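Me: I would like to go through this structure with you, a few residues and elements at a time. Here it is.

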Amino acid sequence: MNFTSTRSAQNMTSAAAITRGIAADGGLFVPCEFPELSYAKLLELADMDYIGRAKEVLKLYLTDYTEDEIDYCVRGAYTNTFDNNIPAPLAEVAPGTEMLELWHGPTCAFKDMALQLLPFLLVKAANKTAPGRTIVILVATSGDTGKAALAGFADVPNTRIVVFFPENGVSDMQKLQMITQVGSNVSVCGIEGNFDDAQSGVKKIFTDDAIRSTLDKMNMEFSSANSINFGRLVPQIVYYVSAACDLIKAGKLAAGSKFNVAVPTGNFGDILAAYYAKQMGVPIDKLICASNRNKVLSDFLATGVYDRNREFYTTSSPSMDILISSNLERMIYHAAGNDAVLTARLMKELSEKGRYELPADVLAKLQSEFFGGYCDEQGTAGTISKLFKENNYLADTHTAVAANVLEQYRKATGDQTLTVVASTASPYKFAASVLPALTDAAIPENGFEQLELLSKLSNTPIPAPLAGLKGCEVLHKNCIAKDNMAEFVLNFLK
């Protein structure tokens with residue numbers, strides 16, 4: 001299996017793609033072809049546990065890793081790190097609707113599914129492609145990636161990690177998780193701006209030749225833990241494969257049948273992984289792309305015009321408060337028939353003008369695969385309330401957006417196909433936003449009192465990783481202008 005860039009023809013091994021994170025031309029690494037998974041193979045995987053399934057999927061993409069290396073990485077990531085050693089369980093909330101719960105890991109968000117594994121993959125990759133060098137992980141986060149990356153890379157030998165987050169654009173619990181992170185190799189910093197500012201700043205640092213030259217002299221090189229890194233994307237493919245296996249095992253997915261997938265979407269990586277699983281042969285039909293009030297993606301899927309020149313909203317689903325959806329570049333490349341020239345031109349237009357328009361045939365391809373919809377704040381709160389009252393299911397704000405858009409899709413199309421909803425975070429991470437949907441009582445200002453009230457109202461336990469934050473020392477107090485990110489990184493490394 002070889003990898004190329006979305007913007008020019010290249011030929012990379014998986015280890016090289018994972019170590020570099022982003023191509024030198026600014027493009028993203030994609031596989032040159034998709035491996036195949038037959039229904040018979042899914043039947044075989046259905047009898048395995050999650051670790052077994054992950055190993056089988058990863059070895060199809062990471063062909064320059066030995067089976068022993070993949071076994072070491074997967075077992076290190078998924079052994080005794082998730083509740084009940086079941087990383088991605090399905091929970092039926094109503095006939096025909098299954099929640100794929102991706103938040104049973106150490107930071108209570110779906111990013112753990114990839115970021116528990118990525119450090120293992122990256123260290124093995126660096127040993128192959130950059131032996132003896134220190135890998136510097138740069139991360140921009142809208143809340144969940146930051147803590148998950150910090151937890152994964154803290155004190156990992158020969159790595160340093162710097163995480164930037166929008167100072168006023170994450171939940172209180174997300175911020176507390178990051179700024180209390182221990183580790184001799186970690187640094188966390190708020191920026192005066194939104195997530196797009198943080199993401200653009202990180203990409204600018206990545207492609208700055210002078211900074212890369214400085215790092216080279218220090219025997220260091222950059223990599224990424226954001227979903228631009230293929231090492232983040234491939235573990236996400238696994239949980240859609242695993243969901244299909246669980247549906248087969250439960251007798252809910254017969255040979256020849258398909259299921260839909262609904263995903264709360266900001267940076268497009270999570271739903272792109274479902275598309276990749278579909279290309280491999282997982283029987284997925286419609287991909288339902290759910291946006292919050294920052295509906296740049298749903299507008300794009302409706303019109304073919306991507307336009308980030310619009311008002312940015314801070315919402316109760318902050319991990320989706322994004323106007324520049326970086327993983328969409330991979331999807332455009334595939335939908336355009338692997339046209340790197342077209343993709344590079346569109347990304348240049350996005351960088352220079354803030355907008356681009358797809359050719360009609362590429363838009364038609366996207367619309368055949370995806371349904372786009374959005375949910376406002378009122379709809380999010382109403383869906384949380386409805387899921388709890390009617391189905392006794394406690395959902396976070398992001399999951400509620402996906403559930404709401406799924407309902408819109410079913411009403412618009414009449415399609416009642418079995419659907420898996422990606423449930424991306426514990427409701428306790430967003431207790432201040434979840435509570436008003438459950439009670440008219442006054443909401444405590446203290447975050448830990450909010451957790452206790454949510455537990456009492458829902459009769460569910462507070463996740464241990466969040467309860468354990470109480471009393472932790474704040475270790476990272478920096479907040480900088482968005483234009484000072486490069487200086488901050490170099491000062492930390494020196």
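Me: Let us start with cysteine 479: what does its relative accessibility make it count as?
Reply: This is a predicted model, and in it cysteine 479 counts as partly exposed, because its relative accessibility is 35%.

Me: Which cysteine sulfur is nearest to that of cysteine 479, and how far away is it?
Reply: The nearest is the sulfur of cysteine 189, at 6.5 Å. Cysteine 479 is in no disulfide. The cut-off for a disulfide is a pair of sulfur atoms within 2.5 Å.

Me: How many disulfides are there by that rule?
Reply: The count comes to zero.

Me: And cysteine 73, buried or exposed?
Reply: Cysteine 73 has a relative accessible area of 0%, so it is buried.

Me: Now strand S7. How many of its residues are buried?
Reply: S7 covers residues 186–192, and six of the seven are buried, so the strand is largely enclosed by the rest of the structure.

Me: How many bridges join S6 to S7, and which way do the two strands run?
Reply: Six bridges join S6, residues 159–166, to S7, and the two run parallel. Isoleucine 161, for instance, has valine 186 in S7 as its bridge partner.

Me: What does the chain pass through between S6 and S7?
Reply: The chain goes through helix H8, residues 172–179, on its way from S6 to S7. This β-α-β crossover is right-handed.

Me: And how many bridges join S7 to S15?
Reply: Four bridges join S7 to S15, residues 478–481, and these strands also run parallel. Glutamate 192 stands opposite alanine 481 in S15.

Me: Back to H8. Which of its residues are buried?
Reply: They are Met173, Gln174, Leu176, Gln177, Met178 and Ile179. That is six of the eight residues, and H8 is mostly covered.

Me: What covers them?
Reply: The cover includes S6 and S7, together with the helices H7 (144–153), H20 (447–458) and H21 (464–467).

Me: Changing topic: where does serine 316 lie?
Reply: Serine 316 is in the loop between strand S11 (305–307) and helix H14 (328–335). Its relative accessibility is 13%, so serine 316 counts as buried.

Me: With which residues is serine 316 in contact, leaving aside its neighbours within four places in sequence?
Reply: Those residues are Glu377, Thr380, Thr397, His398, Phe430 and Ser433.

Me: On to aromatics. How many aromatic pairs does the structure hold?
Reply: There are 16 aromatic pairs. One of them joins tyrosine 239 and tyrosine 240: it is tilted, at 5.0 Å centre to centre with 50° between the planes. Both of these tyrosines are buried. Elsewhere, Phe34, Phe268, Tyr275, Tyr276 and Phe370 form one aromatic cluster.

Me: Which charged end sits over the ring of tyrosine 313?
Reply: That of arginine 293, 3.7 Å from the ring centre.

Me: Finally, where is asparagine 84 found?
Reply: Asparagine 84 is in the loop between helix H4 (67–78) and strand S3 (90–94). Its phi is positive, near 60°. Most residues other than glycine have a negative phi. Asparagine 84 counts as exposed, because its relative accessibility is 71%.

Me: What about the phi of asparagine 85?
Reply: Asparagine 85 has a positive phi of about 55°, and it lies in the loop between H4 and S3. At 41% relative accessibility, asparagine 85 counts as partly exposed.

Methods: Residues numbered from 1 in each chain as written. Predicted model: local features only at pLDDT ≥ 70, side-chain atom pairs only at ≥ 80, totals over all residues. Heavy atoms only, no water. Buried < 20%, exposed > 50% of the residue type's maximum accessible area, 1.4 Å probe, protein only. Pairing = 2+ DSSP bridges. Right-handed = clockwise from strand over helix to strand, strands pointing away. Contact = heavy atoms within 4.5 Å. Phe/Tyr/Trp six-rings, centres within 6.5 Å; stacked < 30°, edge-to-face > 60°. Lys NZ or Arg CZ within 6 Å of the ring centre and 35° of its normal.
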